[in-house]
Amino acid sequence: MDKNIRICIIGGGPAGLSAGMYLEKKGYENYVIYERNDRVGGKCWSPYYNGRRYEMGAIMGVPSYYAVEDVEKFCGITHDGPKLNRNYKDGNGNVIEPFARTLGNIIKNPWLLKMKKQLKTFGELLETKYKGYDVNGHRGVAEGRYDGYAVTPGREKVQGVNPNLKDLAMPFKDFCEMNGVPLVQKIWIGPFTSFGYGYFDEIPAAYVLKYLDYQTCMNFVKVNLWTWKNGTQYIWEQLNDHIKHPAVLNSTIEKVERHDGKVFVTVNGKVEEFDKIIVTAPLHIPNKRADGQKGMDEYFDVRDDEKELFSKIDYERYDVQAFLTKPENHPEISYYVFDNMVPERLGRLMVYYRRWRDEIDQVITTYALRKHKNSKEIPYEECRQMVQDDLKIMKNPAEKVINEWSVYYFPHVFTEDYAAGWYDKVEAMQGKYDTYYAGEVMSFGDMDETAEYSRELVDRFF
Ligand SMILES: Cc1cc2nc3c(=O)[nH]c(=O)nc-3n(C[C@H](O)[C@H](O)[C@H](O)COP(=O)(O)OP(=O)(O)OC[C@H]3O[C@@H](n4cnc5c(N)ncnc54)[C@H](O)[C@@H]3O)c2cc1C
């Protein structure tokens with residue numbers, strides 16, 4: 001492709017900014033990133049309280065975040081944040097020890113022994129029966145192939161045929177049961193459901209395992225995690241400062257028209273002409289599952305195939321509240337509440353995060369899901385009240401909400417559409433209308449998978 005083409009990138013989140021970085025590394029310097037907010041970072045949002053930053057969005061990474069590491073190297077920064085630690089409570093606020101940590105306790109507990117055995121089997125199955133399960137993106141999976149880059153420091157290109165991969169379309173719960181390892185869900189659920197990614201009876205195993213591949217999940221178990229002192233937003237602020245063309249802020253794209261081999265973008269009252277466009281903003285088109293949200297069809301001249309595919313996208317309603325707590329009510333650590341991570345307890349507090357380990361008045365953040373495919377969506381206000389009530393039950397009452405959002409979260413498709421080859425159809429459309437699709441739905445809703453997908457997109461098409 002001609003290195004001088006003019007490229008428009010919609011969105012100044014991890015996907016859009018890394019697309020800019022990788023384009024630039026490949027010699028494409030004629031790009032413009034438009035961001036509708038007055039800040040970059042998207043769902044990496046780290047506001048200030050008393051001079052320190054807390055997290056309203058992304059919090060952590062793991063050592064296999066290779067694309068994030070690329071950004072760190074590009075900007076000369078590192079993961080220098082407070083060490084994460086956590087404990088567990090039951091639904092009544094009692095501290096529990098679900099994974100007895102001493103060998104003596106493990107031997108006494110037959111359930112734990114069984115789980116450890118299943119975990120070992122699961123690790124072996126992923127390596128053998130499901131070889132290729134963990135490459136970034138979903139190309140070929142529904143057809144029993146893998147095609148992408150390995151999750152290794154060298155990110156080697158890997159390709160192969162493995163018909164077993166088709167199993168990844170089924171919900172994770174069914175996938176685990178079919179493979180005789182149902183108990184491993186008790187480990188995977190912590191960094192999955194409580195992080196807003198939905199319930200195992202509805203989410204295809206592919207999403208669960210591409211994000212929480214075995215190695216990544218074990219990093220969570222061992223609390224081998226990265227955080228950033230100035231928040232995850234800082235990573236993207238730094239990247240924005242280091243790329244040649246920082247994002248143009250306060251710029252909502254109002255209209256996109258594609259014809260005559262050009263892309264005409266209306267932004268800030270002007271029509272700009274481009275050769276190609278990379279969309280990292282939500283691709284979804286409102287339908288009965290995702291009504292009420294601004295969809296791509298509201299500003300794009302969407303074509304029939306785009307309409308058909310993107311109307312299949314669903315997303316999670318994930319609520320985050322930042323509460324101010326008095327020193328006497330500080331939780332001494334962050335807590336996971338496993339009892340509340342089931343669809344029957346939709347809307348309840350699943351995890352709360354204490355970021356700084358000192359006694360200054362501080363912010364704790366709470367997380368709840370409001371939607372499960374088989375139940376009625378819980379209204380935001382109701383959910384917020386339930387969370388506040390739960391904090392009292394957890395013996396960490398907090399009165400004052402200083403920040404909150406309900407976020408368009410983890411766009412994905414369900415089993416039926418995944419198995420019918422949704423991803424291969426979208427991948428086949430890459431470039432068709434001078435348009436490239438990136439961002440969360442194309443891989444997974446975390447900062448590294450989205451940035452890594454942008455790397456591959458640039459590698460494959462530019
Ligand atoms: C509460 C929470 C906790 C999370 N925890 C973690 C975590 O611990 N670790 C992790 O790796 N990830 C985590 N994530 C997920 C991670 O933040 C996202 O997956 C990641 O930010 C996605 O990047 P993106 O660029 O694809 O999308 P986004 O971050 O959503 O960025 C998209 C950008 O596009 C802009 N935009 C949208 N429409 C337009 C338009 N029409 N014109 C111009 N601009 C537009 C938006 O304003 C936004 O800035 C968390 C997210 C949340 C909300």
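Asp147 is buried, with a relative accessible area of 12%, where buried means under 20% relative accessible area, exposed over 50% and partly exposed in between, for a 1.4 Å probe and protein chains only. The structure is a predicted model, in which local features need pLDDT of at least 70, side-chain atom pairs count only at pLDDT 80 or more, and totals for chains, interfaces and linings use all residues. Residues are numbered from 1 along each chain as its sequence is written, and side-chain values use heavy atoms, with hydrogens and water left out.

**Salt bridge of Asp147**

- Asp147 pairs with Lys157 in a salt bridge, at 2.9 Å from N to O; the term denotes a side-chain nitrogen of Lys or Arg within 4 Å of a carboxyl oxygen of Asp or Glu.
- Because Lys157 belongs to strand 8 (residues 157–161) and Asp147 to strand 7 (residues 145–149), the pair ties together parts that are 10 residues apart in sequence.
- Helices (H or I, at least four residues) and strands (E, at least two) are DSSP runs, numbered from the N terminus.
- Lys157 is partly exposed, at 45% relative accessibility.

**Other salt bridges**

- The whole structure contains 32 salt bridges.
- One of these joins Glu440 to Lys43, whose closest N and O atoms are 2.6 Å apart.
- Glu440 is located in the loop between strand 18 (435–437) and helix 14 (447–461), and Lys43 in the loop between strand 2 (31–34) and strand 3 (48–49), so this pair ties together parts that are 397 residues apart in sequence.
- Glu440 is buried, with a relative accessible area of 16%, whereas Lys43 is partly exposed at 27%.
- A salt bridge also connects Arg460 and Glu427, with 2.9 Å between the closest N and O atoms.
- That pair links distant parts of the chain, since Arg460 is in helix 14 and Glu427 in helix 13 (residues 422–429), 33 residues apart.
- Glu427 is buried at 9% relative accessibility, while Arg460 is partly exposed at 27%.
- A network of salt bridges links Asp314, Arg317, Asp319, Arg370, Lys371 and Glu377.

**Nonpolar core**

- The largest nonpolar core has 150 residues, of which Trp188 and Phe310 touch the most other members.
- Such a core is a set of buried Ala, Val, Leu, Ile, Met, Phe, Trp, Tyr and Cys residues joined through side-chain atoms within 4.5 Å.
- Neighbours within four places in sequence aside, Phe310 is in contact (heavy atoms within 4.5 Å) with Leu283, His284, Ile285, Met296, Trp422, Val426, Met429 and Tyr437.
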